[in-house]
Amino acid sequence: MLARSANLYRNAYSATLRQCLWPVVGARPATLALARHQLRSQYSSSAKDAAADSKPSAKTTSTTPVLPQSYAGTIRRLLKRFLPQYQSAAIGKVVYEACSTYPQFKEFWVDDCQMPETFQTWFSTTSLYVWMAMVRIRADSNAKYYNQGLVDCFFMDAEQKMRSSGIKSSRIVNDTLKDLVSSFKGTVMSLDEGFARSDAVLAAAIWRNLVPVDENVIQIDQIARYVRQEIQRLDKCAIEDLTSGKFAFEPVTAPRA
């Protein structure tokens, strides 16, 4: 009877652990170990009490007992504050995929804005789309985790592009990434200020950080209006759809025939 009780509680422990931890994406071993320890403590004490009170009885069929939802609720409450951190990498990846597939890179940013088709041009324009997604995500309570995952994916992609272009020196790659991080921080601060103040300040930020060509006054005005239009459109998008990558950016100009 004692062995059967121990088996029942062992099976219940495994079932509840699977039930409690299903929402965790990429859970760390330390957190899983903590959850196992909490459940093991609960079930070991319950098993001892059941064994002490048990009496010989007729043979019954062994089944897994139905456990109260309070056990699952306890573990979920324990892990609730860690979930955004575990989900940030996956969410950042899908959001970045939507940001990095923006339209008209060659047609507008290279041809119309007279910018060279280089890595720096790609980085500058992608920074704009990443920033617009970050502005929308800031409205969520877990924004710091999701935006960090988004930025991490952005710079991992930048590093991959540098290495695939033929740069083999890790020192050169790391030094370049440090410069890009500083550039990105400056771009975000400038665009934040322009977005909060006026179209003139926003256009100046775009000119300094994205399209540093004096002849492109018309294009800079288009980009400033485009930024406000896209952020307003993203604001109407549910945060669940945004963090699932179910959104796309519109073209800056009307598609050409």
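Leaving aside neighbours within four places in sequence, which residues is Thr125 in contact with? In this predicted model, the answer is Tyr102, Phe105, Trp109 and Leu210. One of those partners, Trp109, is also among the residues that touch the most other members of the largest nonpolar core. Here's a quick tour, starting with the overall fold and then working through the core, a helix pair and a few individual residues.

**Overall layout**
- The chain has 11 helices and zero strands, so you can read its element order as α-α-α-α-α-α-α-α-α-α-α from the N terminus on, counting helices as DSSP runs of at least four residues.
- There are 257 residues in the chain, and 39% of them count as buried.
- Take the contacts between residues at least 6 apart in sequence: 72% of these join residues at least 24 apart.

**The largest nonpolar core**
- This core holds 57 residues, and the ones touching the most other members are Trp109, Met132 and Ile206.
- Two or more residues each come from α4 (83–100), α5 (105–112), α6 (119–137), α7 (143–164), α8 (170–197), α9 (199–209), α10 (217–235) and α11 (239–243).
- Helix α6 gives the largest share, with 11 residues.
- Not counting residues up to four places away in sequence, Trp109 touches Tyr102, Pro103, Gln104, Gln114, Met115, Thr125, Leu128, Tyr129, Val211, Ile223 and Val252.

**Helix α6 against α10**
- The axes of α6 and α10 come within 9 Å and cross at roughly 40 degrees, and the crossing is right-handed.
- On the α6 side, the contact is made by Leu128, Tyr129, Trp131, Met132, Ala133, Val135 and Arg136.
- On the α10 side, the residues are Ile223, Tyr226, Val227, Glu230, Ile231, Leu234 and Asp235.
- Sorted by class, this contact has 11 nonpolar, no polar and three charged residues.

**Two buried polar residues in helices**
- Thr125 sits in helix α6 and has a relative accessible area of 0%, so it counts as buried, the cut-off being under 20%.
- The side chains of Thr125 and Tyr102 are joined by a polar contact of 2.6 Å.
- Asn147 is part of helix α7, and its relative accessible area of 8% makes it buried too.
- Leaving out residues up to four places away in sequence, Asn147 touches Met134, Ile137 and Arg138.

- As background, most residues other than glycine have a negative phi.

Note on methods:
Residues are numbered from 1 along each chain as its sequence is written. This is a predicted model: local features need pLDDT of at least 70, side-chain atom pairs count only at pLDDT 80 or more; totals for chains, interfaces and linings use all residues. Side-chain values use heavy atoms; hydrogens and water are left out. A nonpolar core is a set of buried Ala, Val, Leu, Ile, Met, Phe, Trp, Tyr and Cys residues joined through side-chain atoms within 4.5 Å. Buried means under 20% relative accessible area, exposed over 50%, partly exposed in between (1.4 Å probe, protein chains only). Contact means heavy atoms within 4.5 Å. A polar contact is a pair of N or O atoms within 3.5 Å; within protein, one must be able to donate a hydrogen and the other to accept it, and residues adjacent in sequence count only if both atoms are side-chain atoms. Axes are lines fitted to C-alpha atoms, for helices over the stretch in contact, and angles run from 0 to 180 degrees between N-to-C directions. A crossing is left-handed if the near helix is turned anticlockwise from the far one by less than a right angle, and right-handed if clockwise. Ala, Val, Leu, Ile, Met, Phe, Trp, Tyr, Cys and Pro count as nonpolar, Asp, Glu, Lys and Arg as charged, and the others, Gly among them, as polar.
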